[in-house]
Amino acid sequence: MRPPASPAPTAPLPAVSPMLRRLAEERATGALMRESGTLYLADGQVVHAESPATPGIDVLLTAGGTLARAGWWEAVAAAGARQRVAAYLVDSGRVPGGALELCHLGALYDAAFFALAPTSTPARFRYGVSHWIGPVHPVAAGSVERETLRRRALLDRIWPDATVDTAPLVRLPDAAAPPLTPRRRAVLAAVDGSRSAAEIARGLGRSAFHTLVDVRRLAAAGALDAVRSCGRPDDGSSGPRAGAPVLPEVTPDPDIALLRRLRDALEVL
Amino acid sequence: MPGIDECLLDIMKLPGARGAAVVDWTSGLALGTIGESPHDDHEATAAETAEVARMAAEQPAFAQESARSGTPDEDPPASGVEDVIVTSPAGYHILRFVETDFDSSVFVHLWLHRSEGNLALARIRLGELARRLVLA
């Protein structure tokens, strides 16, 4: 049995970015700059990605203690100009090769997911540009596109309300909440009524998409919700729910909390 | 530099190895694949095995067991589960969790022929190769 999310092999996938597809076909090298992030291509393959929504590989490596902050900056100083920082980290024994590949690929797909988010701003491509991190493990543009679509479907299967992805988050008092995994407990502990999922990810040194998965699971379990602004002017968090009715942020009655979550879920269907 | 591809090549040297993949269990993404996959689609297989790995990694029963057996002055590993083994009349599947210093949710999936593979040997070797992937 196949999961329903995997499309039939014959069905053409919707293009996440027609420009990315074209650049991959012409084996272009350069930087594809979109509103929410940048993809670096070499010979049409994706070699690096960055997004303001995701922690960079430096944050991921230093947060877990794989690499000291000073070690990162030494590598940038020593090998940044010749665009070989990744190779320098491995060759100088600072980071094992396999660990660097896993971490870099994780950061690449993480940033690509946000960089390829739907946008109304046209993308730009600068030919010939390459990133100073240097070669690590190139991936096919088609693989990045497919993974981005799969990740969108995965998030919506867990909990269909995308408001929690970008808004400040608040904990909901819910005695009936199921026991949490240690990973989700750490995410929930960082929820303070003002931080968004991206800020929590950065603070924990975790992939932003992985944090979104935990945030949506916590929302589905009734443990957290987005802070819904009460008629405040749009503060840039661009929620798609401008016309939604406003309820108190925290409801002490668990039945009301449950009904409210059901209503939210039905609304976004 | 030794990395994912070299690790997968070494895994395929195990007797009876049919295919292998390095997979992220939070997203279901295949970070690297080699050889065959059960339905000729490594990406679909990765999404399925990731769900099994996640279910095992997140069950409190397994996490509690590892917390008890761990040394008290040492943080228990993130998942607490070392590997998941699934057997079928035709083959063995071993999912081996990879522990990294940085935050991750990675495992290695090895698919073995039932008749040619040696489950005990493959489990030990897969554990060594998964450790070497991030320590070498």
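This is a predicted model: local features need pLDDT of at least 70, side-chain atom pairs count only at pLDDT 80 or more; totals for chains, interfaces and linings use all residues.
Which residues does Leu110(B) touch, not counting residues up to four places away in sequence?

Select chain A. Its secondary structure consists of 11 helices and seven strands. Of its 269 residues, 49% are buried.

Next, select helix α5 (residues 97–115) and helix α10 (residues 208–220), both of chain A. Their axes lie 8 Å apart and the packing angle is about 70°. Angles of 65 to 115 degrees count as roughly perpendicular, so α5(A) and α10(A) are roughly perpendicular to each other. Show side chains at the contact: α5(A) contributes Asp110(A), Phe113(A) and Phe114(A), while α10(A) contributes Ala208(A), Phe209(A) and Leu212(A). Five of these contact residues are nonpolar, one is charged and none is polar.

Then select the largest nonpolar core, which has 66 residues. Those with the most contacts inside it are Leu61(A), Leu89(A), Leu100(A), Leu102(A), Ile11(B) and Leu110(B). Helix α5(A) provides the largest share of this core, 11 residues.

Centre on Leu110(B). With residues up to four places away in sequence left out, Leu110(B) touches Ile11(B), Leu14(B), Ala17(B), Gly19(B), Ala20(B), Tyr92(B), His93(B), Ile94(B), Ala122(B) and Leu126(B).

Last, select Phe113(A), Val187(A), Val191(A) and Ala201(A), which are included in a second, separate core of 27 residues. Phe113(A) also belongs to the contact between α5(A) and α10(A).

Key
Residues are numbered from 1 along each chain as its sequence is written. Chains are lettered from A and ligands numbered from 1 in the order in which they are written. Side-chain values use heavy atoms; hydrogens and water are left out. Helices (H or I, at least four residues) and strands (E, at least two) are DSSP runs, numbered from the N terminus. Buried means under 20% relative accessible area, exposed over 50%, partly exposed in between (1.4 Å probe, protein chains only). Axes are lines fitted to C-alpha atoms, for helices over the stretch in contact, and angles run from 0 to 180 degrees between N-to-C directions. Angles under 35 degrees count as roughly parallel, over 145 as roughly antiparallel, 65 to 115 as roughly perpendicular and the rest as oblique. Contact means heavy atoms within 4.5 Å. Ala, Val, Leu, Ile, Met, Phe, Trp, Tyr, Cys and Pro count as nonpolar, Asp, Glu, Lys and Arg as charged, and the others, Gly among them, as polar. A nonpolar core is a set of buried Ala, Val, Leu, Ile, Met, Phe, Trp, Tyr and Cys residues joined through side-chain atoms within 4.5 Å.
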